[in-house]
Amino acid sequence: MTAIKHALQRDIFTPNDERLLSIVNVCKAGKKKRNCFLCATVTTERPVQVNVVKVKKSDKGDFYKRQTAWALRDLAVVDAKDAVKENPEFDLHFDKVYKWVASSTVEKNTFISCIWKLNQRYLRKKIDFINVSSQLLEESVPSGENQSVAGGDEEAVDEYQELNAREEQDIEIMMEGCEYAISNAEAFAEKLSRELQVLDGANIQSIMASEKQVNILMKLLDEALKEVDQIELKLSSYEEMLQSVKEQMDQISESNHLIHLSNTNNVKLLSEIEFLVNHMDLAKGHIKALQEGDLTSSRGIEACTNAADALLQCMNVALHPGHDMLHAVKQQQQRFSDLREQFARRLASHLNSVFVQQGHDQSSTLAQHSAELTLPNHHPFHRDLLRYAKLMEWLKNTDYGKYEGLTKNYMDYLSRLYEREIKDFFEVAKIKMTGTTREGKKFATLPRKESAVKQETESLHGSSGKLTGSTSSLNKLSVQSSGNRRSQSSSLLDMGNMSASDLDVADRTKFDKIFEQVLSELEPLCLAEQDFISKFFKLQQHQSTSGTTTNEVEEMDGAALSRSYTSGVPQTVSSEKDMIRQMMTKIFRCIEPELNNLIALGDKIDSFNSLYMLVKMSHHVWTAQNVDPASFLSTTLGNVLVTVKRNFDKCISNQMKQMDEVKISKKSKVGILPFVAEFEEFAALAESIFKNAERRGDLDKAYIKLIRAVFVSVEKVANESQKTPRDVVMMENFHHIFATLSRLKISCLEAEKKEAKQKYTDHLQSYVIYSLGQPLEKLNHFFEGVEARVAQGIREEEVSYQLAFNKQELRKVIKEYPGKEVKKGLDNLYKKVDKHLCEEENLLQVVWHSMQDEFIRQYKHFEGLIARCYPGSGITMEFTIQDILDYCSSIAQSH
């Protein structure tokens with residue numbers, strides 16, 4: 001081990017200026033044994049650094065290499081595992097725990113002892129040595145022959161002192177004077193000893209010689225001590241004097257602190273008083289305005305508004321903690337509460353009287369509007385009340401109970417006022433609707449008394465809504481002749497016994513203008529009132545992005561429309577918007593029933609009025625929704641639109657029902673069916689009304705339903721007709737339908753137009769073939785026999801050899817049809833066709849021309865059979881195609 005130690009010192013530590021103090025041969029615990037050395041070293045330079053170095057033998061040779069070094073100051077714990085039993089294992093706790101197994105317990109103990117000594121000498125750090133024998137942890141170990149190498153080395157290190165330059169120079173001089181010192185060390189040492197004794201003796205003699213000076217020095221020291229005692233006595237007296245001064249200064253300091261604290265408190269108190277005075281002091285002018293201010297003049301209202309705002313600021317001031325416990329603050333707050341209560345009561349009383357007075361003054365102006373279809377203007381009333389808007393906001397923030405009471409009173413007074421105005425307005429509208437016709441004749445006017453008007457409008461509202469006017473009594477029509485069909489299709493109006501022929505375009509235009517005037521008067525009235533309520537009562541109204549659009553209404557049935565417009569706006573609207581809608585609903589609660597009664601009256605006068613009402617109402621709903629889809633006006637008009645849409649649907653349903661119930665005369669020809677003509681009238685009217693309208697989709701759906709019902713009813717009447725052939729009924733009516741659709745150019749009915757044309761063409765051909773029949777009957781029978789023989793397989797040129805179909809038989813049959821007989825038969829046929837067709841549709845020449853073409857076709861067919869079956873016989877008909885054309889032209893001209 002000594003050789004290894006010297007080798008490590010030489011090869012590893014000396015080049016690094018380190019000295020090796022202790023070494024232990026170890027291996028890692030629990031692994032394959034690969035021995036290495038743990039070395040305790042110190043540096044030769046100061047300050048001294050103590051390290052634990054791990055040295056390992058190189059795999060490529062017999063030399064050692066430095067692998068890892070830890071500073072001893074980083075060592076936290078040394079664990080020897082067992083303090084009693086010999087155990088080579090031990091742990092060193094650096095940044096982590098390193099477990100080692102020494103080659104022997106002695107080496108382990110020597111290494112741990114060296115670590116303890118180095119810690120005590122250089123670090124003085126508290127390293128925990130656990131499970132270590134107390135014998136190893138001693139400050140000093142006696143020197144002797146059995147002392148360990150590590151201990152001896154450590155003491156040698158402690159006793160060693162490096163020579164300085166002067167000491168080296170003295171030693172060199174000494175050794176130069178004793179040349180034999182190197183060869184005879186003992187003689188040199190004896191010489192040095194003798195010289196040292198001489199020097200010690202000289203020192204003693206020098207000390208003995210200086211005893212007198214020592215005595216003088218001691219005497220001086222005694223005198224100095226006496227002086228010190230005197231100084232200490234003076235210092236004590238000074239200290240006592242300073243102690244009293246210190247006490248006085250402490251008292252002065254404490255007094256200054258109390259003065260400063262008092263000043264600070266006074267400043268804070270002044271600040272609090274100023275805060276209360278500045279924020280809770282109401283000017284006398286404001287108090288006078290609240291108690292006696294004039295609420296009728298603009299200047300007085302402004303003064304009261306400023307005073308009310310100042311009072312509200314004083315009452316809402318954020319008091320500091322503890323202010324509310326002050327008696328003066330409580331008194332001031334109570335005073336403010338009394339002022340607020342007094343002014344709120346005075347303001348509410350005044351505004352209630354304003355509501356009553358304004359309502360009374362407004363009612364006096366109703367007379368000038370009684371004869372005109374206009375509603376009174378409430379703008380002056382709103383303008384006067386808006387002066388109190390800020391006071392209403394103040395009342396809302398300070399006394400919500402009185403604010404709510406004013407809101408209720410306003411709704412009560414204004415609802416009665418608006419109810420009188422609106423009922424009179426609608427009564428005038430009803431009188432104008434039913435009062436004058438184009439000739440200047442008048443219907444029986446509705447009673448002017450409110451109860452009678454209400455009873456009448458309720459009866460109208462509950463009416464069945466059957467189609468009146470030109471389509472009201474189709475079930476009573478009888479088809480007689482084209483000349484008197486129009487007169488038989490009329491009926492009497494329920495009010496005034498006026499014929500439907502008098503309800504022309506001018507009458508319907510008058511109704512349209514009246515209805516538009518009603519809606520145009522109601523719309524600004526509702527919007528102005530809603531805007532006033534929002535501003536006066538300080539309620540927020542913002543436009544909502546949701547709501548049911550007009551296009552969406554087109555896709556809904558009646559129930560869905562009702563749910564949509566009664567719900568109005570989404571359920572997430574604010575309470576203030578709900579309040580606006582509730583106030584408007586109460587104030588204008590009579591608008592919706594009055595509108596419904598007016599709509600019922602218009603529907604009763606003429607069911608076609610529902611077309612006008614649907615277009616106008618849809619336009620106004622669309623306009624109202626663009627302004628505010630959640631407003632009362634939008635909701636109310638939407639609800640009324642549902643009623644109008646139902647009346648429109650009922651009008652269409654009644655027309656379809658009357659088509660289904662139509663009866664025809666068994667004694668007269670049918671001609672153009674009444675409901676076909678009425679569909680033409682309806683379509684022409686609807687196209688003029690719905691031009692550029694928002695509700696075009698509803699009309700297109702109605703067109704589809706009506707045209708299909710017309711088609712079905714025409715088929716039904718044609719099948720039931722006894723006087724007029726079925727093909728004639730179908731041909732004439734579908735020709736009329738096709739002409740109507742071609743003229744009106746209704747895009748949604750293009751398919752039905754093509755279908756009507758096809759039906760007309762098919763039934764025209766069918767009627768021509770059926771009516772023409774076989775004008776050359778015997779000749780037809782003969783050639784049918786010829787075709788039958790050919791069908792049986794006989795060649796065409798061999799048919800003439802058949803006994804029944806030879807040339808003689810053919811000539812005999814041809815002689816029976818000279819030109820005169822043919823013309824007579826065609827004349828009878830023309831009369832028959834003329835009897836079947838109606839003059840109104842003017843299809844006689846078309847049918848006659850088609851029959852002419854069919855007869856010529858048959859003629860050519862017969863000539864072809866003669867040429868093929870009787871070739872070279874020279875047999876021909878006794879009349880030519882030109883004769884047929886002349887006959888037909890002559891017959892047509894004669895009739």
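This tour moves through a predicted model from its sheet to its helices and then to a single loop residue.

Eight of them make up an open sheet with mixed pairing, arranged in the order 4-3-2-1-7-6-5-8. Next, select residues 64-71, which are strand 4, and residues 128-130, which are strand 8. These two strands stand at the edges and have a single partner strand each, so one side of each is left without a neighbour in the sheet. On average, neighbouring strands of this sheet are turned by 30 degrees against each other, direction ignored.

**The helices.** Now select residues 2-13, helix 1. Helix 1 lies across strand 1 (18-28), strand 2 (36-43), strand 3 and strand 4, and it runs at about 115 degrees to strand 1. Then select residues 105-123, helix 2, which runs at about 140 degrees to strand 1. The strands that helix 2 lies across include strand 5 (77-79), strand 6 (89-93), strand 7 (97-102) and strand 8.

**A loop residue.** Finally, select Val48, found in the loop between strand 2 and strand 3. Val48 and Tyr122 are 74 residues apart in sequence, while their C-alpha atoms are 7.6 Å apart in space.

Definitions and conventions: Residues numbered from 1 in each chain as written. Predicted model: local features only at pLDDT ≥ 70, side-chain atom pairs only at ≥ 80, totals over all residues. Heavy atoms only, no water. Pairing = 2+ DSSP bridges. Helix = DSSP H or I, 4+ residues; strand = E, 2+ residues; numbered from the N terminus. Axes fitted to C-alpha atoms, helices over the stretch in contact; angles between N-to-C directions. Contact = heavy atoms within 4.5 Å.
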